[in-house]
Amino acid sequence: MKLESILLPGVDANRPFLIAGPCSAETEEQVMTTAKALAENGVKIMRAGIWKPRTKPGGFEGIGSEGLAWLKKVKQETGMYVSTEVATQKHVYEALKYGVDLLWIGARTTANPFAVQEIAEALQGVDIPVLVKNPVNPDLELWIGALERLSNVGLTKIGAIHRGFSSYDKKIYRNLPQWHIPIELKRRYPDLPIICDPSHIGGKRDLIQPLCQQAMDLAFDGLIIETHCNPEAAWSDASQQVTPARLKEILASLVIRDKGQSTEDLSDLRRQIDELDNQLLELLAKRMRVSKEIATFKKEHSLTVVQTGRYDEIMNTRVAQAAEMGMDKDFMRVVLEAIHEESVRQQVEILNK
Ligand code: PEP
Ligand code: MN
């Protein structure tokens, strides 16, 4: 599946493939005002949530089918294509009935294989693009499983949306980007179009521009950006939506780098990276060998594999050292935890021999 496969007629193939529009359709006036401003900016595909999965009851759960008539009016009056999220068979039938041009499956729905299967079956024989958001939890297989369910019923215009992953400790982001997960998806399915949703990753207006640039630098095919005529007054996700004017500025600011073949200079630098990775792997293997010698010693002296004090000391000294060397502390912690986990696994193998 190439990016071309999800392009609707008249939408060009230059990056970024763009979808913009409010988190939710709220009123006819809000939908039409936003739509007109977007169309004037050259946006070709509008988004608007009609059914909203909210974490807790009592929030705005979407206007429902009534809003589909507004989207139809958007098509008629602006010529833009329209898109919305579907979470059940009924949503699919309703959206198709009103001529919605592109559908996506939301993060909470992707996490539920029964729901995805039901939607896939409702979409059988339908020829419009369907995009699958990553599941809320960082599970690449679950994401791929949902894409496969759509492909298994014969859909061909399939793409993915990266919207970040929820985590217990919230820091800068509403949903952690964990870029390595969509990058691994791209590695496994090089032709699958993947677009980025900076709005749900960032959760804050100020983060939209840098996230868009990062997505472009990581060779994502497109962007889906929540855009509202009056963001502060939005009925859902108010803090992350931008105005159509701000959207225009963001798009104009993006540097779109060539994702094609590298130049000579780049291949030279890449050779250096290959060499450094080689050295890293050899060093890691060497570290594992020493760790196995320690395991043999522990076995002979009946010691436990994990010696908490020692692990603590390794963490603290290495993390501090990494920070001095200009690396992020959290990054170093993740690396050390992974190394420690593999080291423990190899030691346990020896102890149980
Ligand atoms: C949305 O797109 O408004 C939405 C609900 O997103 P997600 O499924 O990524 O939470
Ligand atoms: Mn939203």
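## Secondary structure and overall dimensions

The chain of this predicted model contains 13 helices and eight strands; these are DSSP runs numbered from the N terminus, with helices (H or I) of at least four residues and strands (E) of at least two. Along the principal axes, the C-alpha trace spans about 80 × 45 × 40 Å.

Local features need pLDDT of at least 70, side-chain atom pairs count only at pLDDT 80 or more, and totals for chains, interfaces and linings use all residues. Residues are numbered from 1 along each chain as its sequence is written, and side-chain values use heavy atoms, with hydrogens and water left out.

## Burial and contacts

Of the 353 residues in the chain, 43% are buried, meaning that their relative accessible area is under 20% with a 1.4 Å probe, protein chains only. Among contacts (heavy atoms within 4.5 Å) with a separation of 6 or more, 72% join residues 24 or more positions apart.

## Domains

The domain assignment, which is automatic or from a database, gives domain 1 (17-253) and domain 2 (266-351). The C-alpha centres of domain 1 and domain 2 are 40 Å apart.

## Helix H9

Helix H9 covers residues 208-217, and its buried residues are Ile-208, Leu-211, Cys-212, Gln-213, Ala-215 and Met-216. An α-helix has 3.6 residues a turn, so residues three or four places apart point the same way.

Just after H9, Ala-219 adopts a positive phi of about 70 degrees.

Conventions
Chains lettered and ligands numbered in written order. Buried < 20%, exposed > 50% of the residue type's maximum accessible area, 1.4 Å probe, protein only.
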